[in-house]
Amino acid sequence: MTVLSVRIEGRSFVVGNRDRKMLTRDGCNEPFKDRFWCPRKKWFMKSPCPFINKQECGNYRNMCGSL
């Protein structure tokens, strides 16, 4: 089993030792193979997040308590 490090450096999305230009503005729902990156959970999701950006996600969590 291989553990990959995922990080955002400036305008680059880095997975392991590979990097590419980010496709999204703030890293939310950044696609990688058949998954989508969630910077809040720091995990890949099976489907894209319904929120447009991190602020909308945060507003939802503040109003509803969790995601």
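How many Å apart are the mean positions of the positive and negative charges of the protein? The mean positions of its 14 positive and 6 negative charges lie 4 Å apart. Here Lys and Arg count as positive and Asp and Glu as negative, while His and the chain ends are not counted. Each charge is placed at NZ of Lys, CZ of Arg, CG of Asp or CD of Glu.

## About the model

This is a predicted model, in which local features need pLDDT of at least 70 and side-chain atom pairs count only at pLDDT 80 or more, while totals for chains, interfaces and linings use all residues. Residues are numbered from 1 along each chain as its sequence is written, and side-chain values use heavy atoms, with hydrogens and water left out.

## Overall picture

Let's start with the fold. Read from the N terminus, the order is β-β-β-β-β-β-α. The C-alpha trace spans about 40 × 30 × 15 Å along its principal axes.

Of the 67 residues, 22% count as buried. Buried means under 20% relative accessible area, exposed means over 50%, and partly exposed is in between, using a 1.4 Å probe and protein chains only. The protein exposes about 5,300 Å², and carbon and sulfur atoms supply 54% of that area (by the Shrake-Rupley method with a 1.4 Å probe; for residues, only the protein chains shown count as cover).

## A closer look at Asn29

Asn29 sits in the loop between strand 3 (18-21) and strand 4 (30-32). With a relative accessible area of 17%, Asn29 is buried. Which residues does it touch, leaving aside its neighbours within four places in sequence? Asn29 is in contact with Thr24, Phe36, Trp37, Pro48, Cys49 and Phe51, where contact means heavy atoms within 4.5 Å.

## The cysteines

How many disulfides does the structure hold? The count is zero, a disulfide being a pair of cysteine sulfur atoms within 2.5 Å. For Cys57, the nearest cysteine sulfur belongs to Cys49, 5.3 Å away. Cys57 counts as buried, at 7% relative accessibility.

Cys64 has its closest cysteine sulfur in Cys57, but the two sulfurs are 11 Å apart, too far for a bond. At 47% relative accessibility, Cys64 counts as partly exposed.

Definitions and conventions
Helix = DSSP H or I, 4+ residues; strand = E, 2+ residues; numbered from the N terminus.
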